[in-house]
Amino acid sequence: MDFAIKSGSPEKYRGDCIVVGVFESRKLTEAARVLDEASQGYLAKIISHGDMDGRANTTLLLHGIPGIGSKRLLLVGLGKEKEFGEKIFLGAVRATFKALQQTNAKDAGLYLTDLSIKQRDIAWNVLQMVVLAEDSLYRFDRLKSKPEEHQPSLSKVNLCVTDKSAAAMAETAVQQGAAIARGMKVTRDLGNLAPNICTPTYLAEQAADMAKSYKLKFSVLENKEMEKLGMGALLAVARGSRQPAKLIVLEYHGGKATGKPVVLVGKGVTFDTGGISLKPAGELDEMKYDMSGAASVLGTLTAVAEMKLPLNVTVIIPATENMPGGNATKPGDVVTSLSGQTIEILNTDAEGRLILCDALTYAERYKPEVVVDVATLTGACVVALGHVVSGLMGNDENLVEELLQAGEQSGDRAWQLPLRDEYQELLKSNFADVANIGGRWGGAITAACFLSRFTKKYRWAHLDIAGTAWKSGKEKGSTGRPVPLLTQFLINHARKHTSS
Ligand code: BES
Ligand code: MN
Ligand code: ZN
């Protein structure tokens, strides 16, 4: 999809379709009013028939309006003017692209760009519109034998502003939006891919391809090297699988050579059966999404590289399957992690923290500025927060605050859970330094407590995306979250560090 910022009067838009908003009940936005005038009241007359009263999420497509340059006109409901805000705006943009795709229009001029939203600016509107446009086009059909019959014709979106001075700011927002959308697509494609194809080896190949396209430094640790280093926790998870585990590292150098990198660690369990602590059969296919943390850090790195952000970012992905088998780790096994701490594995289904703890220790050698890990870590996080916000914890309040802020800015929100010392006791083991589970209660927190024992040497935060990385049911599929949050965090980070 192509995007452009256009300024100019709406009646002069000469294209396939122009899009303007209408408030409830039947109150025209400024752009709609201009079109109404140009058509000598034609628009108001049609609206008075009552087919479009401005209710949120409604649209009405019109053809051949006299006095205006565009072939079609799409009216979009914006709800009550007093209640207009972020949520209604996003819904209206979604409804717009849905309606446009049912037409044969190849281009569209959206006069929704400078609708004013509390605490947001035009750049925000533009960025969200670009992301939603790409989102509306997203299909995952590469595993179908024939492509879908109906291919959308829309290929150019003009984001129209009436105020020329806003155009420069809007250009940056288009680029950022396009980069985030590109990153989300990478993440969703990897997540949606079948687990017989998306194996640890496949993830490593994809990372190597990314390294080629974006000139990144790529390296991968194989089994032997991990053994030599002493990654006993990661290897304990991989034991049951025929697929070899990989520890994948990608380095993006966009900042000063001496600049410490932001390290992103993503859980890459390409299929989680639970291991010997086998999961029940219901919806088990969804455990192919257990590599969504890995997919999201690869997506985020894609966005960073697309934007050429002036900072250094390193991505570390521990990748493995979690399978039962004759050689698999058993409940009660004690292993030694890369940090030297011994772990009693009481439940082989708490595998994410086992692969992450070795990756987090490994992160030390990159002398990180900060480390953020991203993982579909606990069902308990879904119980606590549902599918709306991601769980967030960390050992540095400023870092947590920056991430919360980036979530608020991008609309890809997180919520902090209390990583208090009292919870640490739940991880006591009679036979090793630490147990890998903390019992029934506060599961998202005890999981983070476990990780915190391996992140003492740097500022660290943890995002539990078990509830937000994918959707179940009829719309089953990867959401691409938390790429918007992480990318916004890095955009802010780059700005802070170049301006100071
Ligand atoms: N990958 C799962 C977490 C998960 C569960 C994500 C459901 C999304 C939906 C993780 O490896 C896991 O199995 N966690 C266990 C931990 C427990 C054994 C302490 C869980 O949440 O049940
Ligand atoms: Mn598990
Ligand atoms: Zn898992």
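A residue is called buried when its relative accessible area is under 20%, exposed when over 50% and partly exposed in between, with a 1.4 Å probe and protein chains only. By this criterion Asp272 and Glu351 are both buried. At 3% relative accessibility, Asp272 counts as buried, and Lys267 counts as buried because its value is 1%.

The structure is a predicted model, in which local features need pLDDT of at least 70 and side-chain atom pairs count only at pLDDT 80 or more, while totals for chains, interfaces and linings use all residues. Residues are numbered from 1 along each chain as its sequence is written, chains are lettered from A and ligands numbered from 1 in the order in which they are written, and side-chain values use heavy atoms, without hydrogens and water.

Donors are N, O and S atoms within 2.8 Å of the metal (3.2 Å for Na, K and Ca); water is not among the atoms, so sites may look incomplete. For the zinc ion (ligand 3), Lys267 (NZ), Asp272 (OD), Asp290 (OD) and Glu351 (OE) are the protein donors, at 2.0 to 2.4 Å, with the spacing K-x4-D-x17-D-x60-E.

Four donors count as tetrahedral if all angles lie between 85 and 135 degrees; four count as square planar and six as octahedral if opposite donors are over 155 degrees apart and all others between 65 and 115; anything else is irregular. The six donor atoms around the zinc ion (ligand 3) subtend angles of 78 to 176 degrees, so the arrangement is octahedral.

The manganese ion (ligand 2) and the zinc ion (ligand 3) are 3.1 Å apart, with Asp272 coordinating both. Asp272 lies in strand S11 (residues 268-272) and Glu351 in the loop between strand S14 (342-345) and helix H10 (352-363), so the pair ties together parts 79 residues apart in sequence. Helices (H or I, at least four residues) and strands (E, at least two) are DSSP runs, numbered from the N terminus.

The axes of helix H4 (residues 122-137) and helix H5 (residues 167-192) come within 8 Å and cross at roughly 35 degrees. Axes are lines fitted to C-alpha atoms, for helices over the stretch in contact, and angles run from 0 to 180 degrees between N-to-C directions.
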